[in-house]
Amino acid sequence: NLRKFLLISIVVLSLLLNFYQFDSNPPGLYIDEVSIGVNAYSILKTGKDEFEQKYPVYFKSLNDYKLPVYIYLASISMYFFGKNDFAVRFPSAFFGTLAVIFIYLLINELIKTDKSFNLKNRSKYTLLTSFLLAVSPWFLQFVGPAFEATTAFSFLIIAVYFILISQSKNYISVFVLGLFFLVVTIYTYHSFKIYTPVILIYLLIKLIKQHIISHKNTVRIILSVLFFLPVIYSYLIPSANIRFFQTSALSSRSINDAIIFIKNYISYFSTDFLFSLGDGINRHQFLNFGPLARWTLPFMLIGFFTMFKTHKSNLRSVILAVLLIAPIPASLALPSPHTLRSLTVVLAYASIIAYGILIMLNKFRNKTSLYAAIICLLFIFEFSIYLHYGFFHYPKVSQVDWGGNYKEVVEKASLLSQQYKNIVIDMKSPFVLEYFRFYNEDLKP
């Protein structure tokens, strides 16, 4: 039927946007991607990381400790695709596409039995939210490159979806799968060390409050408690918390810390940040493009005020929770605002903007086709400019930010090594050794 066709079309579009030239644009791998690649390949070949530690939980690298999940996923990817840029970035693009599918399934599950959800055409809402996520600049910027946040974001959506359907269909095995994906998030990206415990505590409280004395409910409570153990472990290991102390915005002075946190937190709701300036980091955005497309601003405002003024539902509670909680981990760190650390909030914005569009179209029923055509034209106009910049200009202006210059050094040295016995490399440039280790181990200085 039409609904399935549209969903498949959205998924195909997402695949094209996420995978087209993703191994060459952005140009080269930035240093964290290279570090992931070096360790992933070492694990694949020897079962040890670059420091000879056998199957570590945390990977020492670049004066930091990296979380393990993406590295092991990249190792699997390298098994199939080899040691190259494609393999390093494949997990991010793959799970980013899964996020588009599971956001549709999750929202559909949330509103399926929710009688208080008052939009007449629910299928349009779920499809539109999925589509808006797939084309969001905030989301697209972090899907192609090997950003662990994208994979963790996808795991979170999958986890919540499985937990929801396990309760409606009473499947313990699906509940366990949901808990597994939920816990995996904290070993994928640092921000989830705040999100995941909150969700687990909420889930546990909800299960206890049900007052249902049954075998399956008791099992769910026990499982939720057991799955807290790896969460607690992640807080107790010093190496897991080094990144937090390196980027922390807090100084142990309570009043100043509170002021800094509030200032950082508020910055995530600034229209300048959302629609024009972004966080100013070239790897996180295109020049003159904010995390959200400008054409969505009026619909975001309509959706926000309509949803939170007149609409009480389970979906609204979830969206509000995401909107308020997602910026918290990012507000504890510097620099702030930071689009990567707050990536999860794009889920709330996609949902709110979709709601706003449909509310407006419902209000002008006699001219729905006209207004729908205007919205499509606005989208096509801005998205075309975005894609043009992304494919034709961004690779040139972001070469240094993504380490493309280091890759060129290795490629040039590899070519010259066929003609000359000795090649002089300026080792004062940071990270040169890591790039040689990934792109040409035989030529390592």
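This is a predicted model: local features need pLDDT of at least 70, side-chain atom pairs count only at pLDDT 80 or more; totals for chains, interfaces and linings use all residues.

User: How do helix 3 and helix 4 pack?

Analyst: Helix 3, which covers residues 68-81, packs on helix 4 at an angle of about 115°, and the two axes are 8 Å apart. Helix 3 passes helix 4 in a right-handed crossing.

User: Which residues meet there?

Analyst: From helix 3 the contact takes in Tyr 70, Leu 73, Ala 74, Ser 77, Met 78 and Phe 81, while helix 4 brings Phe 86, Ala 87, Val 88, Arg 89, Phe 90, Pro 91, Ser 92 and Phe 95. Sorted by class, this contact has 11 nonpolar, two polar and one charged residues.

User: What is buried in helix 3, and what comes just after it?

Analyst: The buried residues of helix 3 are Pro 68, Val 69, Tyr 70, Ile 71, Leu 73, Ala 74, Ser 75, Ser 77 and Met 78. Just after the helix comes Gly 82, which takes a positive phi of about 90°.

User: Changing topic, at what angle do helix 8 and helix 10 cross?

Analyst: The axes of helix 8 (residues 172-185) and helix 10 (residues 215-226) cross at roughly 15° and come within 11 Å. Since angles under 35 degrees count as roughly parallel, helix 8 is therefore roughly parallel to helix 10.

User: Which residues make that contact?

Analyst: Helix 8 contributes Ile 172, Phe 175, Val 176 and Leu 179, and helix 10 contributes Lys 216, Val 219, Arg 220, Leu 223 and Ser 224. By class, these are six nonpolar, one polar and two charged residues.

User: Last one, what do the buried residues of helix 20 pack against?

Analyst: They pack against helix 4 (85-112) and helix 21 (432-439), and the buried residues in question are Gly 404, Tyr 406, Lys 407, Val 410, Ala 413 and Ser 414. Helix 20 itself has 13 residues, 404-416, and reaches 18 Å from its first C-alpha to its last, close to the 18 Å expected.

Key
Residues are numbered from 1 along each chain as its sequence is written. Side-chain values use heavy atoms; hydrogens and water are left out. Helices (H or I, at least four residues) and strands (E, at least two) are DSSP runs, numbered from the N terminus. The expected span of a helix is 1.5 Å times one less than its number of residues. Buried means under 20% relative accessible area, exposed over 50%, partly exposed in between (1.4 Å probe, protein chains only). Contact means heavy atoms within 4.5 Å. Axes are lines fitted to C-alpha atoms, for helices over the stretch in contact, and angles run from 0 to 180 degrees between N-to-C directions. Angles under 35 degrees count as roughly parallel, over 145 as roughly antiparallel, 65 to 115 as roughly perpendicular and the rest as oblique. Ala, Val, Leu, Ile, Met, Phe, Trp, Tyr, Cys and Pro count as nonpolar, Asp, Glu, Lys and Arg as charged, and the others, Gly among them, as polar. A crossing is left-handed if the near helix is turned anticlockwise from the far one by less than a right angle, and right-handed if clockwise.
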